[in-house]
Amino acid sequence: MAACQSKPPSPATTIVNRDAAERYELADRTDFALADRGLIAPFAERLYDRAGQVIFDPAVFDFLADDAPCPESVDPSLWRQSQLVRKGGLYRVVDGLYQVRGNDIANLTVVEGETGLVVIDCMASVEAASQGMAMIREHVSDKPVVAVVYTHTHVDHYGGVKGVVELEDVASGKVPILAPGTLASFDRLAIRENVIAGNAMSRRAAYAFGSLLEIGPAGHLTCGIGVATVPGVTVSYISPTDSITATGTKRKLAGLQFEFLYAPDTEAPEEMHIWLPELKALTCAENANHTLHNIQTLRGARTRDARSFARYLDETLELWGDEAWVHYGPHTWPVWGNEAVVDLIASQRDAYKYVHDQALRMANQGFTPLEAAEEIELPEELGRAWHNRGYHGTLHHDVRAVFTKELGTWDGDPVSLHPHPPVATAERFVALIGADRIMAEGERALETGDYRWAAQLLHLLVFADPENQPARLLQADAYEQMGYQAEGPQWRGIFLSAAKELRGGLEPLPFATASPDTILAMPVEILFDFAAVHLNGPRAARAEVRIDFVFTDAAEDRDKRWRMWVRRGVLNARRGTDPDAQLTVTGARPALVAALLQPAEAEKLAAAGQLVLAGDEAALTAYGALLDGFDPDFNIVTP
């Protein structure tokens, strides 16, 4: 229906975006030459899923051609970044170092040595990584993959691992997987971040990365660091086998020297930089990018330490800054030449340190996070650098994140310490002010281009009465214009997704980080943690369930037997057996995972011979009744 259609940019938005163009050095085309440099082959095929269905076609981004003028529905800076990010194919960075970019949100980097290939980061999906490796095989080398390196714990850097290496080769020790941190910490942090809170994170990520939007000038452009999160893909995981826990660690891989800088608590809780001295090639993983990064992600993750970003970038310059000739990253395009490499890293170092230091300066003067975020701007030399613009993180929410990291979530104002929840607050305001007056003020704010105020005010009506269609449509109009004006693609994605959902209702989530493969790869203790967050505490408060699980295919004897119990509304588990267990469930890991997370399936699995149930099977039924399912399509813009 017409009411659900997007609207064009308003006169106020047109003025905002035209004025923004005057602030940017749009005549600077240096990055366009860099992003094109070394192209060996563009993508010859679209990306298909296992059923043969097209899941990604690079041609849909042709509207972002280099010579395409910026439409009035897009901030000019974001348009420029999107034009750069959409460039894709197989690229030679230097002899022996290659990247596939533009078919995923992340890059595939391949180092060719004398004895084989080393893959650095694996993209987000098996399909994208497989396509990338096929291009490497066709145009570069058919040598075997002899090692895989994860630079950090995020899904878009390990999700495609089964597209580059066979599980059997890793399990046998033929192909090591290197990763920062201890093997246990990498597993725990990678899986906890992407799975334990994965349902909420995936829903929020769909907003932030524009997955629910149509691709085009009025919708999704790119993700700022990559083209898109591709729906319908296979996310895989293989645990690392070789840990990097100290700066200065070296490994000989495929005949080449790899040196590592351990950089925990930066862009990811476990992260590392890599130096290839023979190639004079450096990557700072995601700690140095063609964008300001997140200190706290909008999709949801642990708050990061901006000071650590700066500290490890400076240490990188101290170690290798005099020699580095190229910097390549797991997102966007490389930088060549020692002066340019040093400038990128030093500039980003100073940007993160400025955000950290100035946020805390203002905190110590009594400013709240929002007040500080409204005031702080980067110095001109930092702020005008394209690589410090907010294409992933933004200065506004990074400042607020520093407060969260250092001072917690409370902003220091007593009124925010124990407020009424959103619906109760909205109902009280609407009763006090009146729905008609709120609508009238919302319309006035919209007409005058005060879209932040319009959205904030109309939120009261929508939350007090979600069926108030005029209020929903008016708030959608405000969010849409805010999206058109946003330089940050995640802000744009969130505002435009909100507008679309207010007009047309919920759409199914296209992408989830908690993939079956990732769940099956969980260390057993994390598997029980995952089950525990499904437990309905109030419903389980008086329950008492004791079940033993025996993993017949556990790699180590110590991991074969686990006791789980529910008492006082809490699920606990530890190694060993319980002499008072009501039931013992025995089987291979996939069947036990199903029994733990979907207990109703246990009877079918037992009948099929995949599980052995010994004891009172009613204990499993009782346990299942205590679990909540997670709806991946929960409400965001309505209560």
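**Entry 1: H15 and H17**

At what angle do the axes of helix H15 (residues 435-447) and helix H17 (residues 469-485) cross? I am working on a predicted model, and I keep that in mind throughout. I read a crossing of roughly 25 degrees, with the axes of H15 and H17 coming within 10 Å. Angles under 35 degrees count as roughly parallel, so H15 and H17 are roughly parallel to each other. I note a left-handed crossing for H15 and H17.

Next I looked up the residues that touch. From H15, I list Met439, Gly442, Glu443 and Leu446. They meet Pro470, Ala471, Leu474, Asp477 and Ala478 in H17. I sorted this contact by class: 6 residues are nonpolar, 1 is polar and 2 are charged.

**Entry 2: H1 and H17**

I stayed with H17 and turned to helix H1 (residues 11-23). The axes of H1 and H17 come within 9 Å. They cross at roughly 15 degrees. H1 and H17 are therefore roughly parallel to each other. I record the crossing of H1 with H17 as right-handed.

Which residues of H1 meet H17? I find Ala12, Thr13, Val16 and Asn17. Their partners in H17 are Gln481, Tyr484 and Gln485. The class count for the contact of H1 with H17 is 3 nonpolar and 4 polar, with no charged residues.

**Entry 3: H17 and H18**

I then took helix H18 (residues 489-504) against H17. Their axes lie 8 Å apart, at an angle of about 160 degrees. Angles over 145 degrees count as roughly antiparallel, so that is how H17 and H18 run. H17 passes H18 in a left-handed crossing.

The list of touching residues took up some space in my notes. On the H17 side I have, among them, Gln469, Arg472, Leu473, Ala476 and Tyr479. The H18 side includes Arg492, Phe495, Leu496, Ala499 and Leu502. I count the contact of H17 with H18 as 10 nonpolar, 3 polar and 6 charged residues.

I also see Asp477 of H17 in the contact with H15 and in the contact with H18. Tyr484 of H17 meets H1 and also takes part in the contact with H18.

**Entry 4: the second largest pocket**

How much space lies in the second largest pocket? I get about 1000 Å³. The pocket is lined by 28 residues, and the closest to its centre are Asp187, Ser239, Ala521, Ala555 and Arg589. Helices H6 (167-171), H7 (183-196), H19 (516-520) and H20 (524-532) each supply at least two lining residues. By class, I note 16 nonpolar, 2 polar and 10 charged residues in the lining of this pocket.

**Entry 5: cavities**

How many cavities of 30 Å³ or more does the structure hold? I find 7.

The largest cavity has a volume of about 300 Å³. I list 27 lining residues for the largest cavity, with Ile105, Val155, Asp156, Phe209 and Arg299 closest to the centre. Helix H5 (155-158) and helix H8 (198-208) each give the lining at least two residues. That lining divides into 11 nonpolar, 10 polar and 6 charged residues.

The second largest cavity holds about 100 Å³ of space. It has 15 lining residues. Nearest its centre I note Val85, Lys87, Arg101, Asn107 and Thr332. The lining of the second largest cavity comes to 8 nonpolar, 4 polar and 3 charged residues.

Technical notes. Residues are numbered from 1 along each chain as its sequence is written. This is a predicted model: local features need pLDDT of at least 70, side-chain atom pairs count only at pLDDT 80 or more; totals for chains, interfaces and linings use all residues. Side-chain values use heavy atoms; hydrogens and water are left out. Axes are lines fitted to C-alpha atoms, for helices over the stretch in contact, and angles run from 0 to 180 degrees between N-to-C directions. Helices (H or I, at least four residues) and strands (E, at least two) are DSSP runs, numbered from the N terminus. Angles under 35 degrees count as roughly parallel, over 145 as roughly antiparallel, 65 to 115 as roughly perpendicular and the rest as oblique. A crossing is left-handed if the near helix is turned anticlockwise from the far one by less than a right angle, and right-handed if clockwise. Contact means heavy atoms within 4.5 Å. Ala, Val, Leu, Ile, Met, Phe, Trp, Tyr, Cys and Pro count as nonpolar, Asp, Glu, Lys and Arg as charged, and the others, Gly among them, as polar. On a 1 Å grid over the protein atoms alone, a cavity is a set of points where a 1.4 Å probe fits but cannot get out, and a pocket is an open set with protein on both sides within 12 Å along at least five of seven lines; lining residues have an atom within 4 Å of a point. Grid points are joined across faces, edges and corners, and a volume is the space filled by probe spheres set on the points.
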